[in-house]
Amino acid sequence: MDWVASAELRSELARLAQAGRYRARRVVEGPQGPLVCVAGRQLLNFSSNDYLGLANHPELVAALGRAAGRWGVGSGAAHLITGHSGAHQALEEALAAFTGQPRALLFSTGYMANLGVISALAGRGDNVWEDRLNHASLIDGALLSRARLRRYRHLDAADLAGRLGVDRARLIATDGVFSMDGDLAPLPALAEVADRAGVWLLVDDAHGLGVLGAHGRGSFEHWGLAPRPDRILMATLGKALGTFGAFVAGSEELIETLIQRSRTYVYTTATPPALAEATRVALAIAEREDWRRTHLHALIARFRAGAAQLGLPLAASTTPIQPLIAGSAPRALALSRHLERAGLLVAAIRPPTVPEGQARLRITLSAAHDEAAVDRLLEALGSWSGDEET
Ligand code: PMP
């Protein structure tokens with residue numbers, strides 16, 4: 001039986017490889033940064049979500065070490081038992097202040113936060129409406145909640161408005177910045193639809209927090225949307241803030257409800273308290289060092305101007321996520337390999353993460369890059385003949 005089971009998996013894996021969909025991991029041999037070491041080679045890194053260049057910032061590294069000296073390593077238990085430390089509490093207060101929300105609640109990961117919020121607020125008989133290109137964790141949250149998952153056309157608030165009325169809608173969920181496309185959800189229009197229908201609006205700002213808005217407060221700040229009791233913000237700490245984890249921010253009543261009801265909050269161990277201390281330092285840097293955002297946006301403009309000159313098929317994105325659509329999965333892989341030979345790390349993203357025929361390079365820029373790095377990327381992209389091995 002064992003042998004038969006392995007054979008079945010082996011043939012499925014072979015099928016994935018043949019379709020160019022086999023996902024192999026790289027072993028990274030050092031910290032994140034503009035350069036990463038892979039298989040003994042230093043590669044220019046255009047694949048991480050370290051948008052502000054904080055993942056290996058010396059102040060964060062020192063804060064983590066210091067805090068481990070004070071709090072130890074493990075949190076020991078879930079938040080509702082004995083895992084909720086003063087470090088977690090202080091970070092929640094700092095996150096609420098930073099986002100201008102009444103309260104914030106830490107979750108272990110963004111994936112768990114989305115599962116936890118949606119399944120706490122929606123259930124059997126409800127409808128949860130989602131943008132077609134929402135992150136997998138928002139989709140999975142709706143599935144876990146046992147509500148009916150309904151999808152509207154990407155970025156299309158009018159499509160949503162036209163279809164919402166019929167059944168009992170409970171919640172609208174959208175990425176603030178779409179993770180594989182880099183485009184922005186039209187939050188004012190979506191908020192208006194949500195308001196008219198009297199349903200929750202959940203915004204996953206994993207890729208907006210720290211990056212968008214004059215103060216880096218994210219998509220809400222970018223669009224000038226004020227916090228309201230029916231608007232929920234979810235954001236992650238492992239991207240622009242350079243650490244790990246996630247939080248949900250909103251009204252006092254919402255947060256208390258999540259503490260009572262979110263299974264992914266209640267039934268899991270709290271993250272290490274020292275990590276919370278390091279994140280508080282990251283937040284202070286993100287708040288104080290505006291130059292990181294200014295520099296990042298200048299690099300985005302430089303990259304887009306250079307790509308336009310080369311006639312590259314970039315998607316329309318004003319964020320650090322700059323997808324270059326390759327089409328087929330083998331073509332995306334070939335382009336990624338070409339860049340790797342030139343000393344650049346840019347991951348190919350293939351179905352099922354993106355729709356069929358839209359495999360791409362997901363190029364991400366960071367405040368840790370300099371202009372020369374962006375120019376090297378453009379040069380390497382420009383030197384691809386397109387007919388190399390696939
Ligand atoms: N939402 C979005 C839009 C994301 O891109 C991600 C991470 N890829 C998550 C949620 C999940 O966050 P985490 O990595 O903290 O689980």
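Colleague: How is the protein divided into domains?
Modeller: The model is a predicted one. The protein is split into domain 1 (24-51 + 290-382) and domain 2 (58-288).

Colleague: What distance separates the centres of domain 1 and domain 2?
Modeller: Taken over C-alpha atoms, the centres of domain 1 and domain 2 are 26 Å apart.

Colleague: And how many residues of each domain are in contact with the other?
Modeller: On the domain 1 side there are 17 residues, in contact with 12 residues of domain 2. Helix 13 (290-310) and strand 10 (321-327) are the elements that give two or more residues to the side of domain 1 that touches domain 2. Strand 10 gives the most to that side, with 3 residues.

Colleague: What is Ile 172 in contact with, leaving aside its neighbours within four places in sequence?
Modeller: Its contacts are Trp 129, Leu 160, Leu 190, Val 193, Ala 194, Val 199, Trp 200 and Leu 201. One of these, Leu 201 in strand 7, also stands opposite Ile 172.

Colleague: How do strand 6 and strand 7 run relative to each other, parallel or antiparallel?
Modeller: Strand 6 and strand 7 (residues 200-204) run parallel and are joined by 5 bridges. Strand 4 (residues 127-131) also runs parallel to strand 6, with 4 bridges joining them. There, Val 128 has Leu 171 of strand 6 as its bridge partner.

Colleague: How many residues of strand 6 are buried?
Modeller: In strand 6 (residues 169-175), 7 of its 7 residues are buried. Strand 3 (residues 103-107) is mostly covered, with 4 of its 5 residues buried.

Colleague: Which strand does strand 3 join?
Modeller: Strand 3 runs antiparallel to strand 9 (residues 246-250), and 5 bridges join them. Leu 106 stands opposite Phe 247 of strand 9.

Colleague: What about the open sheets?
Modeller: Strand 12 pairs with strand 13 (residues 359-364) over 2 bridges, and Ala 348 stands opposite Leu 361 in strand 13. Another open sheet of 3 strands has the order 1-2-11 and mixed pairing. Strand 1 (35-38) and strand 11 (344-345) are its edge strands. Strand 1 and strand 2 (residues 41-45) pair in the antiparallel sense over 4 bridges, with Cys 37 opposite Gln 42.

Colleague: Which peptide bond is cis?
Modeller: The bond from Pro 351 to Pro 352 is cis, with omega near 10°. Pro 352 is in the loop between strand 12 and strand 13. In general, most peptide bonds are trans, and most residues other than glycine have a negative phi.

Colleague: What is the phi of Ala 39, and where is Ala 39 placed?
Modeller: Ala 39 has a positive phi of about 50°, although it is not a glycine. Its place is the loop between strand 1 and strand 2. Ala 39 counts as exposed because 10 other C-beta atoms lie within 10 Å, and the cut-off for exposed is 12 or fewer.

Colleague: And Arg 146, what is its phi?
Modeller: Arg 146 has a positive phi of about 70° and is found in the loop between helix 6 (136-145) and strand 5 (148-152). With 13 other C-beta atoms within 10 Å, Arg 146 is partly exposed.

Colleague: Lastly, which residues come nearest to the ligand?
Modeller: Of the 13 residues around the ligand, Thr 109, Gly 110, Tyr 111, His 135 and Ala 206 come nearest. The shell around the ligand divides into 3 nonpolar, 8 polar and 2 charged residues.

How values were computed: Residues are numbered from 1 along each chain as its sequence is written. This is a predicted model: local features need pLDDT of at least 70, side-chain atom pairs count only at pLDDT 80 or more; totals for chains, interfaces and linings use all residues. A residue is near a molecule or strand if its C-beta atom, placed from the backbone, lies within 6 Å of it. Ala, Val, Leu, Ile, Met, Phe, Trp, Tyr, Cys and Pro count as nonpolar, Asp, Glu, Lys and Arg as charged, and the others, Gly among them, as polar. Two residues are in contact if their C-beta atoms, placed from the backbone, lie within 7 Å. A residue is buried if 20 or more other C-beta atoms lie within 10 Å of its own, exposed if 12 or fewer, and partly exposed in between; C-beta atoms are placed from the backbone. Two strands pair if DSSP finds at least two bridges between them. Domain bounds come from an automatic or database domain assignment.
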